[in-house]
Amino acid sequence: MNELFNTHSLLYHSHTHMSSSHEPNHQNKPMTQHSSLLVPLPFLPEELILEILTKLPIKSLLRFKCVSKSWLHLISNPYFIKKQLHFSTQNTHFTTNHRIILSATTAEFHIKSCSISSLFNNPSTISEDINYPVKNKFRHDGIVGSCNGFLCFAIKGDCVLLWNPSIKVSKKSPPLGNNWRPGCFTSFGLGYDHKNDDYKVVAVFCDPNEFFSESKVKIFSMNTNTWRKIHDFPHGVSPYQNSSGKFVSGTLNWASNYSLGTSSFWIIVSLDLEKETYREVLPPDYEKEECSTPSLGVLKGCLCMNYDYKKSDFVVWLMKDYGVRESWIKLMTIPYLPNPEDFSYSGPYCISENGEVLLMFEFDLILYDPRDNSFRYPRIEGGKGWFDAEVYVESLVSPMKD
């Protein structure tokens, strides 16, 4: 904390020194004993200031916007915003910019945010209340995912909220306008189209019927603020209900069910956000007979797959090279304590540098250390009992176009 304070102080004084250097030098000003003892303020080149600013917490950057017009322009500049985002997303040490958002199991919809670094390294972590932009306290909106500082929430299966809680800016999409009827559901996914510099939400509308089953797909562009229809999901394939698309390497990936006659198969369907084309991603050769239906996730920027095995272990696979089946590795096998009859692990949400894994079990976060097969419960001040969670990185990216 002292180092951070000193950095803030140095930046501020360097800025004031730069500003004062443009003022006229009054030669006739009398030299006092006190002024002759002043130490000259350090001078930092603007390039170095830029590098230092990218490494500071978002809250500090928002405060620094008030220092001067030049700093306001610098921190609001799209180049700086992308530079800060690149530093945060490429940093694997869970800096102060990496957080987890938690939705509480209370009757009213409450969400809180915690530092990932604190959960791993401190016995107790302070949680921050987050003011959710949509006012409906008794409706629990589901977390779709996160991408580059954005969080995406599904609102009644008919629209989505794109929200950057770090800068308190949000955008609500127009309604999807699908013809909903009992049995229908919508599976969403949030991702980034790098070539077109556009954040996109994909909505897969599933209408199971005794005569047919169809999965209509629409895509929302943050740049245009509109939904448009794209090619349907492959014939006979539909995402599992309560699942969302996982963003990896420019694609969204769904755990899906493929029906062929009276048989059904678990597959991974991938949608390329730039080309808007589908493909199947092959899973590893895993224990299909004695495991639960697998789920998908993202760890270390890689696609991962997990399932319960024989109701005694939680198995996690990771695809090191996206799209290459041979790159799947069995990352870890986590035992259940006690044996899960009613609950399963959720996650994993992230892995620390020393290999500890953050999961959720029975509405509480739990840390598992594979080095000695030990578990510990991180204490969160101001909250207990969580329904959903999502890891995100703090950024300055805004869902609103300038």
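I'm working on a predicted model here.

**Strand 14 against strand 15.** I looked up strand 14 (residues 246–248) and found that it pairs with strand 15 in the antiparallel sense over three bridges. F247 stands opposite L252 in strand 15. The two strands make a hairpin with two residues between them, and S249 in that turn has a positive phi of about 50°.

**Other partners of strand 15.** Next I checked strand 13 (residues 237–239), which also pairs with strand 15 in the antiparallel sense, over three bridges. There I see V237 opposite Y258. Then I went on to strand 16 (residues 263–272): its antiparallel pairing with strand 15 runs over ten bridges. W254 has V269 as its bridge partner in strand 16. Strands 15 and 16 form a hairpin too, with two residues between them, and G261 in the turn has a positive phi of about 65°.

**Burial.** Why do I call strand 15 largely enclosed by the rest of the structure? Because seven of its ten residues (the strand covers 251–260) are buried, where buried means under 20% relative accessible area.

**The 5-6-7-8 sheet.** I also looked at an open sheet of four strands, in the order 5-6-7-8 with antiparallel pairing. Strand 5 (142–147) and strand 8 (169–172) are the edges, each pairing on one side only. I get an average twist of 20° from one strand to the next. Strand 7 (residues 159–164) pairs with strand 8 in the antiparallel sense over four bridges, and L162 stands opposite K171 in strand 8.

Methods
Residues are numbered from 1 along each chain as its sequence is written. This is a predicted model: local features need pLDDT of at least 70, side-chain atom pairs count only at pLDDT 80 or more; totals for chains, interfaces and linings use all residues. Side-chain values use heavy atoms; hydrogens and water are left out. Buried means under 20% relative accessible area, exposed over 50%, partly exposed in between (1.4 Å probe, protein chains only). Two strands pair if DSSP finds at least two bridges between them. Axes are lines fitted to C-alpha atoms, for helices over the stretch in contact, and angles run from 0 to 180 degrees between N-to-C directions.
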